[in-house]
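Hi everyone, thanks for coming.

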Amino acid sequence: MKISKDRLELLKEIMALDFSLIELNLYLDTHPEDEKALMVFKQYSCKSRELKEKYENQFGPLTASNGANREWKWIEDPWPWEIDYEMGGR
Amino acid sequence: MKKYNMHVSPQMMGPGFKLARAYVPFQVMDKIYEPWKGLMRGTIFPELYDPYPKKKRSEED
């Protein structure tokens, strides 16, 4: 399923950031004092929140819980497995 | 019980082979991959990226 190029780029950036956050989370669980890791984690989580907000304002909810204040648009969007990630992907 | 006796005993492998020693050196974060590269490689820590088969690091994404 095709989605617009800028929507796909934004989605990919969010996916990549959230992956890094999971990695940093796992690292921080065993290295809670690592200042550098904590700094990068805070930086990425701010950016991820920002991008998600931007995405949701433009394209609709990423998660069902974020779709609650609008009409139930959640089911209209393409499911993650329906998206063609390679279309002009990086 | 023959069919279960297929392991190679240390004697057969010679004295140099000891039983395994498991260890995990304590990781210290240094450089990390950019988010997209990390997602493609499955880790953001270069020291943990170890694909099979041995590919030259520079060539793949």
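Predicted model: local features only at pLDDT ≥ 70, side-chain atom pairs only at ≥ 80, totals over all residues.

Let's begin with the salt bridges. How many does the structure hold over all chains? The count is four, and I'll take you through some of them.

Take K2(A), which forms a salt bridge with D84(A); their closest N and O atoms are 2.8 Å apart. K2(A) sits in the segment before α1 of chain A, while D84(A) sits in the segment after α2, so this pair ties together parts that are 82 residues apart in sequence. Are these two partners buried or exposed? K2(A) is exposed, because its relative accessible area is 57%, over the 50% cut-off for that word. D84(A) comes out as partly exposed, with a relative accessible area of 27%.

Next, please look at E13(A) and K47(A), a salt bridge whose closest N and O atoms are 3.2 Å apart. What does this pair tie together? E13(A) belongs to helix α1 of chain A and K47(A) to helix α2 of chain A, so the bridge ties together parts that are 34 residues apart in sequence. E13(A) counts as partly exposed, at 29% relative accessibility, and K47(A) is partly exposed too, with a relative accessible area of 33%.

Then we have D18(A) with K52(A), where the closest N and O atoms of the salt bridge are 2.8 Å apart. D18(A) lies in helix α1 of chain A and K52(A) in helix α2 of chain A, so here again the pair ties together parts that are 34 residues apart in sequence. D18(A) is partly exposed, with a relative accessible area of 22%. K52(A) counts as partly exposed as well, at 29% relative accessibility.

Now for some empty space. Rolling a probe the size of a water molecule over the atoms shows where empty space is left. The largest pocket has a volume of about 230 Å³. Which residues lie nearest its centre? They are L62(A), P78(A), W79(A), P80(A) and I83(A), out of 13 residues that line the pocket. Helix α1 of chain A, residues 5–30, gives the most to this lining, with three residues. As for the kinds of residue, the lining has eleven nonpolar and two charged residues, and no polar ones.

Staying with chain A for a moment, find E86(A) in the segment after α2, the helix at 35–59. E86(A) is exposed, with a relative accessible area of 60%. Along the sequence, E86(A) and L11(A) are 75 residues apart, yet their C-alpha atoms are 12 Å apart in space.

Finally, let's move over to chain B. On the surface, V8(B), M12(B), M13(B) and F17(B) form a nonpolar patch, and together they have about 430 Å² of accessible area. One of them, V8(B), lies in the segment before α1 (10–13) of chain B, and V8(B) is partly exposed, with a relative accessible area of 48%.

Where is P15(B)? Look in the loop between α1 and α2 (35–41) of chain B. P15(B) counts as exposed, at 86% relative accessibility. Its C-alpha atom is separated by 33 Å from that of Y49(B), which is 34 residues away along the chain.

Methods
Residues numbered from 1 in each chain as written. Chains lettered and ligands numbered in written order. Heavy atoms only, no water. Patch = residues over 30% accessible without salt bridge, like charges linked within 9 Å, V, L, I, M, F, W, Y side chains within 5 Å. Areas by Shrake-Rupley, 256 points an atom, 1.4 Å probe, with all protein chains shown as cover. Salt bridge = Lys/Arg side-chain N within 4 Å of Asp/Glu carboxyl O. Helix = DSSP H or I, 4+ residues; strand = E, 2+ residues; numbered from the N terminus. Buried < 20%, exposed > 50% of the residue type's maximum accessible area, 1.4 Å probe, protein only. 1 Å grid on protein atoms, 1.4 Å probe; cavity = no way out; pocket = protein on both sides within 12 Å on 5 of 7 lines; lining within 4 Å. Points joined across faces, edges and corners; volume = space filled by probe spheres on them. Nonpolar A, V, L, I, M, F, W, Y, C, P; charged D, E, K, R; others polar.
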